[in-house]
Amino acid sequence: MNLAFSGMDGVIILVFYALVMLLIGYLSGRGDKKIHHSMSGYFLAGKNLGFIALFFTLYATQYSGNTIVGYAPTAYRSGFSWIQSVSFMTIIIGVYLLFAPRLYVISKRNKFITPTDWLKYRFNSKAVTLLGVFLMLWGLGNYLLEQLVAIGQAVAGMTGGTIPYQVAVIAFILVMLAYEWMGGMKAVAFTDVMQGLVLMVGILVFLGGALYLVGGNLTNVTTFIMDSEPAKVGVPAMETSINWFSILILVGCGAAIYPHAVQRIYSAESEKTLKKSFARMAWMPPVTTGLVFVIGIIGISMFPGLNEANSEQLVGMMANEIASINSFYYWVMILFFGGIVAAIVSTADSVLLSFSSMISNDIYGNFINPKASEYRKVLVGKIVGVIAVILLIWIAWNPPGTLYQIFVLKFELLVQVFPAFILGLYWKKLSAKPVFWGMLLGAVIAGVMTLTGLKTIYGIHGGVIGLLVNFGVVVIGSVLMPVSAKQEGQADEMTSLKIEA
Amino acid sequence: MEKMKEPIKKKWIWIGLVLIVLAIVPWYHSVKAVEPIILGFPFWAFLSGIFSLVLCGYLSWLCTHEWNIVEDIEEAEKRKVDEQ
C-alpha cells in the first residue's frame with residue numbers, strides 16, 4: 001500500500017509512536033523487581049490486571065492492524081456477505097463463556113502460567129502435553145510470522161518507501177523486544193491501551209471521511225453496486241451460508257483458545273474484572289470489523305473493478321483520497337496509519353510473550369531443567385523469544401519455494417486442542433489416550449487438507465472437519481476405555497470450583 | 001450472598017445462542033430478499049446485522065448476569081484488605 005500523502009510526516013509519527021511504546025515499557029518495568037524474578041510476574045503481570053488494561057489488551061490482541069488492512073479488501077471482493085466478520089468476532093465471547101468461568105477459578109487455585117499447565121495438570125500425560133505444546137507453538141509461530149511481515153508492509157507503505165520494508169521490520173521489532181524485555185506482560189498490556197485507542201478512533205474517522213467522499217449516503221453506494229455487481233448485494237448461495245457456519249466454529253473456538261487469549265484469563269485481577277472486560281468486548285465487533293466492513297463496501301463504489309491484487313491496496317487508496325479532503329483529515333490519516341502499525345505491533349507482542357512463556361515454562365521448565373530458578377526460566381524465555389523472532393524474519397525474507405502452506409496453518413491446528421481443553425473441564429470420564437489420538441488425527445486431517453489445497457468441502461473448513469473427527473475420537477474412546485474410579489475422583493477434585501487449594 | 005452461577009450449566013443459554021446464530025446466517029432467505037434496501041443494507045444483510053447486534057447484547061448481558069462463581073468471595077477479601 002503506497003501512500004502518496006505521507007512520507008516524512010509519516011516517519012515523524014512513527015518515531016513518536018515508537019518512543020511512547022518504549023516509555024510505557026520502561027515505566028511499567030521500573031522499580032518492580034518481581035517482574036524479572038517471577039514467571040507469573042513477567043508473563044502474567046502478577047495475575048493482577050485491572051479492567052482498563054485487561055479490556056484493551058484483549059481488544060488489541062484480537063484486533064490487529066490486519067483487521068483493517070486485510071478485512072476491508074475482503075469486504076470489497078465478497079460484498080455484503082462479509083458482514084459475517086461481525087458475528088464471527090462476537091461468537092468468540094460465546095466460546096469464552098463455555099470455559100473461562102471455570103478455568104479462571106482453577107488457574108488461580110493452581111497458579112497456572114500457560115495453557116499447557118492446564119493440560120498437564122488434567123491429563124498427567126507427556127504425550128498430550130507435548131502434542132498440545134507443539135500445536136500451540138506452531139499456530140503461534142505462524143501468527144507471529146504474519147504480523148512481522150505486515151509491520152514491514154504497513155510502514156513501507158505509509159512512508160512511501162522513505163523507510164524501506166526491511167529497515168521498518170527491524171526497527172519496530174527492536175522497539176517491541178525492548179519494551180517487552182523491560183516490562184513483560186505489564187508493558188504489553190499498557191502499550192495495548194495506547195494502541196487500542198488509536199485503532200478505535202482511527203477507524204471511526206476513516207469511515208467518516210469515506211462517507212463524506214461518497215456524499216454521506218450509503219444507499220446510493222448500494223444502489224450503485226446493485227447495478228454494476230449485483231452478486232455482491234444478492235442473497236448468498238447456500239455454500240456461502242454453510243461456509244459462514246463453519247467459520248463461526250473455526251474462529252470462535254480457535255480464537256478463544258489462542259494461548260495468548262487463554263493467558264489473559266489467567267492474568268485477570270478478579271472474576272469481576274474478567275467478566276466486565278468480556279461484557280465490553282462483546283460490543284467491539286460492530287464498531288471494529290463492522291465499520292471496516294462498511295469501509296470496504298464504500299470502496300466498491302469509490303474504486304470499482306479492481307482485481308484481487310489491486311484490491312489489497314484498497315485501504316491505502318482510500319486513505320489517499322480521505323487525506324486530501326483537508327488538513328484535519330490529512331493528519332488523522334497519518335495518525336491512523338501509525339495506529340495500524342501500532343496495532344500490528346500490539347498483536348505481535350502478545351503472541352511473542354505467549355510463545356516465550358511456553359518455551360520457558362512448558363519446554364525448559366518442564367522437560368529440560370525443572371530445578372531452574374524462576375529468574376533463569378524467565379531469562380530463557382526472553383532469549384528464546386528473541387531467537388524465534390530472528391528465525392521468523394529469516395523465513396519471511398527467504399520464503400521457501402515449496403510447502404509454503406505449512407506457514408499458513410494457524411487456526412486449523414490450534415483448534416485441535418479445543419476438545420481436550422474444554423471437555424477436560426467438565427467431563428470426568430475423559431481419558432488421556434483418546435485425547436491424544438483425537439488431537440493428532442484432527443491435526444493431520446486439517447494439515448493435509450490445507451497442504452493439498454483442498455481448503456473446504458461443501459464450504460466446511462478442513463480445521464472444522466478435523467475438529468469433528470477429533471471430538472468423535474475423544475468421546476468414543478473415553479466411553480470405550482473408561483478411567484478408573486480413582487482417576488474420576490481426582491478429575492472431580494481438579495475441576496472443582498473451590499478457590500483455595 | 002448471591003447464588004453461584006456458571007453459564008455452562010444453563011441449557012437455555014446455549015439454545016438461545018444457537019437460535020440467534022441461525023437467524024444471523026442468511027440460509028433461510030429466497031433470492032428476492034435483497035429489497036427493500038434499509039439504511040443502505042440489502043434486506044437480508046440488514047436482518048443479519050440486526051441479529052448480530054442481538055448476539056452482542058445477549059453475550060454481553062450473559063457475562064454480567066449469568067456468571068458468578070467466586071466474585072463474592074474475591075470482593076469480600078478485597079474489602080478486608082482495603083480496610084486493614
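This is a predicted model: local features need pLDDT of at least 70, side-chain atom pairs count only at pLDDT 80 or more; totals for chains, interfaces and linings use all residues.
Biologist: Is the crossing of α20(A) and α22(A) left-handed or right-handed?
Modeller: For α20(A) and α22(A), the crossing is right-handed.
Biologist: And which residues meet there, between α20(A) and α22(A)?
Modeller: From α20(A) you have F418(A), P419(A) and L423(A), and they meet L467(A), N470(A), F471(A) and V474(A) of α22(A). Sorted by class, that contact has 6 nonpolar residues, 1 polar residue and no charged ones.
Biologist: Staying with helix α22 of chain A, what about V469(A), is V469(A) buried or partly exposed?
Modeller: V469(A) sits in helix α22 of chain A.
Biologist: Which residues is V469(A) in contact with, leaving aside its neighbours within four places in sequence?
Modeller: Those are L441(A), G442(A) and I445(A).
Biologist: How far apart in space are V469(A) and A388(A)?
Modeller: Their C-alpha atoms are 32 Å apart, and in sequence V469(A) and A388(A) are separated by 81 residues.
Biologist: New topic. Why is helix α7 of chain A largely enclosed by the rest of the structure?
Modeller: Helix α7 (residues 115-123) of chain A is largely enclosed because 8 of its 9 residues are buried. The buried ones in α7(A) are P115(A), T116(A), D117(A), W118(A), L119(A), K120(A), R122(A) and F123(A).
Biologist: What happens just after α7(A)?
Modeller: N124(A) comes there, with a positive phi of about 50°.
Biologist: Let's zoom out. How many helices and strands does chain A have?
Modeller: Chain A has 23 helices and 2 strands. Along the principal axes, its C-alpha atoms fill a box of roughly 70 × 55 × 45 Å.
Biologist: What radius of gyration does chain A have, and what would a compact globule have?
Modeller: Chain A has 23 Å, which agrees with the value near 23 Å for a compact globule of 501 residues. Buried residues account for 57% of the 501 in chain A. Also, taking contacts in chain A between residues at least 6 apart in sequence, 85% join residues at least 24 apart.
Biologist: And the interface: how many residues of chain A are in contact with chain B?
Modeller: 38 residues of chain A are in contact with 37 residues of chain B. On the chain A side, the elements giving two or more residues are α6 (84-110), α10 (218-228), α11 (238-257), α13 (271-281) and α14 (284-302). Of these, α6(A) gives the most, with 10 residues. The chain A side has 26 nonpolar, 8 polar and 4 charged residues.
Biologist: One last thing, over in chain B: where is L47(B) found?
Modeller: L47(B) is in helix α2 (residues 43-65) of chain B. With 18 C-beta neighbours inside 10 Å, L47(B) counts as partly exposed. The C-alpha atoms of L47(B) and I24(B) are 7.4 Å apart, although 23 residues separate the two along the chain.

Key
Residues are numbered from 1 along each chain as its sequence is written. Chains are lettered from A and ligands numbered from 1 in the order in which they are written. A crossing is left-handed if the near helix is turned anticlockwise from the far one by less than a right angle, and right-handed if clockwise. Helices (H or I, at least four residues) and strands (E, at least two) are DSSP runs, numbered from the N terminus. Two residues are in contact if their C-beta atoms, placed from the backbone, lie within 7 Å. Ala, Val, Leu, Ile, Met, Phe, Trp, Tyr, Cys and Pro count as nonpolar, Asp, Glu, Lys and Arg as charged, and the others, Gly among them, as polar. The radius of gyration is taken over C-alpha atoms; the globule rule is 2.2 Å times the number of residues to the power 0.38. A residue is buried if 20 or more other C-beta atoms lie within 10 Å of its own, exposed if 12 or fewer, and partly exposed in between; C-beta atoms are placed from the backbone.
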